[in-house]
Amino acid sequence: MAIVDAPKHLLGETTCGSLLQQLQQIWDEVGESDDERDKMLLQLEQECLDVYKRKVDLAAKSKAQLLQALADANVELTSLQSALGEKSFVGILGKTSGTIKEQLAAIAPALEQLLKQKEERVKEFLDVQSQIQTICGEIAGSSEQVGSPVVDDSDLSLKKLDEFHAHLQELQKEKSERLHKVLEFVSTVHDLCAVLGMDFFTTVTEVHPSLNDSTGVQSKSISNDTLSRLAKTVLALKEDKKQRLQKLQELATQLTDLWNLMDTSEEERGLFDHVTCNMSASVDEVTIPGALALDLIEQAEVEVERLDQLKASRMKEIAFKKQAELEEIYVHVHIEVDPDAAREKIMALIDSGNVEPSELLDDMDNQIVKAKEEALSRKDILDKVEKWMLACEEESWLEDYNRDENRYNASRGAHLNLKRAEKARILVNKIPALVDTLVARTRAWEEERGISFTYDGVPLLAMLDEYAMLRHDREEEKRRMRDQKKFHEQLSTEQETAFSSKPSPARPLSTKKVVGPRANGGANGTPNRRLSLNAHQNGSRSTSKDGRRESMRPAAPLNYVAISKEDAGSCISATEAIPSTP
């Protein structure tokens, strides 16, 4: 028991000195020589130095590693602060007091925080740059899978991140605008395809498969190529729509003309209301689905062809109808035509077969157009001829009114005739100026066209010249009658003076009404000079040779100049016998 406890006690207090004493004691017991003892002590000292030296080397190496770790930490801290743009840990870098481990312990929390912040910042950069890369790929139209974007670790500042965010917002705005344009184009293509009767899905998917309605809005292609192809598709469809509408309007016009020629019933015309309803519509006004479908245009073409064939079989009837229209124009503007000769010519042309039906109708249409143009050029002169003839009618009525002895009696309607007489006198006074204007305009018309202006076959200038001659003769007759009246009055006065007698209080001679025809055979005392007018123009109803049209056309009466009441009286006195002397 004592033997066991002794080593424990020795081990608990073992030092270099106690060990050396034990070694001395052993040597003494063994009987080692001093040389051996010195040799072994030198060896022990050398071994102790080696152990110390290794410990010192290890300590120095550990210190160097700590210093390197501190330097690396400072460099990384500086780099992270520079990359992240952080300035909150600047004071830590300038701190040099304390041991190396203390300095490392002071840097470690900041370094850990910055590393964590860098990791989060890198994720933000990756997210933003990924979105930018995706949108740029959509705009470019690239379908290839692109890897994750590379983040620049040297600049992870918030300023740089904001720049990426601003760029991303611009791209998102551009994407939204492009998507809006794409949807507008797709909607336009849909409407155009509906009007043209085309398959929308086939048309739009030929531009890009993603434009199908089955795909989401955000999945549609917004690339430059897609927008360009959509724009070209819309232009092509609009041009196609314009051409189809033009074609359909031409067919509708042909149908309408053919229907009018052949007096087609409203029920039969109603079958093609979907064709004629767009006859005067603009391109933008046609929005009904299927309004310009190819089968509808083909249907109209077939109907036009059928009506053309039917028109050829009814050629004579249609030609005579156009001839009647032409004659109607000429009769309305008082141009003399020979309808029988024209119809015989049409019959001969159709029966000979030398002229195509369409050519004959086109020629007649041209004649109708020219007739309308000529009618328009004659309108102004004809209006004045109408006024002239109405004025002549009023002049004739005024003469009859002036010859009426009872015109001032208080009979029924007398005041109306009095008012009419006042207006008639005003109108009659305008006749000379109206005739002069007619002559000037008629001559200008004839000089411009190199032909004579005729009124129902009679040259208008000849009619006006004849009227001027009649008016001159009438004035001469009035002057002669006034002179004759003065002569009789003077003779009567001389007779009364010679026989010292007074004239009997008789009724004024000017009011005496002449019974029977007057001198020179005129209806109102004027020379019965016949004007170069047709017999039916003297206020009677005119009828064309085929008996189809009647119209009231007042013509210049045979007595163009009105006779005043005094002149009428002079006529009576001129016809009375001169009393003989006893």
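What share of the 582 residues in the protein chain is buried? Buried residues make up 32% of them. This is a predicted model, and the legends below walk through it view by view.

View 1. Start here to get your bearings.

**View 2. The largest nonpolar core, with 66 residues.** Nonpolar side chains tend to be buried together in soluble globular proteins. In this core, V182, L211, L255, V275, V286 and L292 touch the most other members. Helices that each supply at least two residues include α3 (34-84), α5 (100-140), α6 (158-196) and α7 (200-207). Also on that list are α8 (224-262), α11 (294-313), α12 (315-332) and α14. The largest share comes from α8, which puts in 13 residues. A second, separate core has 30 residues, among them I381, A391, L434 and L464.

**View 3. V286 and the residues around it.** Zoom in on V286, one of the residues that touch the most other members of the largest core. Leaving aside residues up to four places away in sequence, V286 touches V195, K241, L245, N278, A281, A291 and L292. L292 is also among the core residues that touch the most other members.

**View 4. V207, a buried residue of helix α7.** V207 sits in α7 and has a relative accessible area of 6%, so it counts as buried. Which residues does V207 touch, not counting those up to four places away in sequence? They are T226, R229, L230 and T233. Pick out T233 in particular: it lies 26 residues from V207 in sequence, with 8.1 Å between the two C-alpha atoms.

**View 5. Helices α5 and α6 packed at about 30°.** Two packed helices are described by the angle between their axes and the distance between the axes. For α5 and α6 the axes are 10 Å apart. The angle of about 30° means that α5 runs roughly parallel to α6, and the crossing is left-handed. On the α5 side, the contact is made by R121, E124, F125, V128, Q129, Q131, I132, I135, C136, E138 and I139. Facing them from α6 are L158, K160, L161, F164, H165, H167, L168, L171, Q172, E174, K175 and R178. Sorted by class, the contact of α5 with α6 has eleven nonpolar, five polar and seven charged residues.

**View 6. Helices α14 and α16 crossing at roughly 155°.** Here α14 (residues 357-403) meets α16 (residues 431-449), and their axes come within 10 Å. From α14, the residues in contact are S377, R378, D380, I381, K384, V385, K387, W388, A391, C392 and E395. From α16 come I431, L434, V435, T437, L438, R441, T442, W445 and R449. The contact of α14 with α16 has ten nonpolar, three polar and seven charged residues. I381, A391 and L434 turn up again in the second core.

**View 7. Helices α8 and α12 meeting at roughly 90°.** The axes of this pair come within 9 Å, and the helices are roughly perpendicular to each other. N260, L261 and M262 of α8 meet I318, K321 and K322 of α12. By class, that gives three nonpolar, one polar and two charged residues.

**View 8. H334 and D456, two residues with a positive phi.** Most residues other than glycine have a negative phi. H334 isn't a glycine, yet its phi is positive, at about 60°. You'll find H334 in the loop between α12 and α13 (339-352). Is H334 buried or exposed? H334 is buried, at 5% relative accessibility. D456 isn't a glycine either, and its phi is about 55°. Look for D456 in the loop between β1 (454-455) and β2 (458-459). D456 is buried too, with a relative accessible area of 14%.

Key. Residues are numbered from 1 along each chain as its sequence is written. This is a predicted model: local features need pLDDT of at least 70, side-chain atom pairs count only at pLDDT 80 or more; totals for chains, interfaces and linings use all residues. Side-chain values use heavy atoms; hydrogens and water are left out. Axes are lines fitted to C-alpha atoms, for helices over the stretch in contact, and angles run from 0 to 180 degrees between N-to-C directions. Helices (H or I, at least four residues) and strands (E, at least two) are DSSP runs, numbered from the N terminus. Contact means heavy atoms within 4.5 Å. Ala, Val, Leu, Ile, Met, Phe, Trp, Tyr, Cys and Pro count as nonpolar, Asp, Glu, Lys and Arg as charged, and the others, Gly among them, as polar. A nonpolar core is a set of buried Ala, Val, Leu, Ile, Met, Phe, Trp, Tyr and Cys residues joined through side-chain atoms within 4.5 Å. Buried means under 20% relative accessible area, exposed over 50%, partly exposed in between (1.4 Å probe, protein chains only). Angles under 35 degrees count as roughly parallel, over 145 as roughly antiparallel, 65 to 115 as roughly perpendicular and the rest as oblique. A crossing is left-handed if the near helix is turned anticlockwise from the far one by less than a right angle, and right-handed if clockwise.
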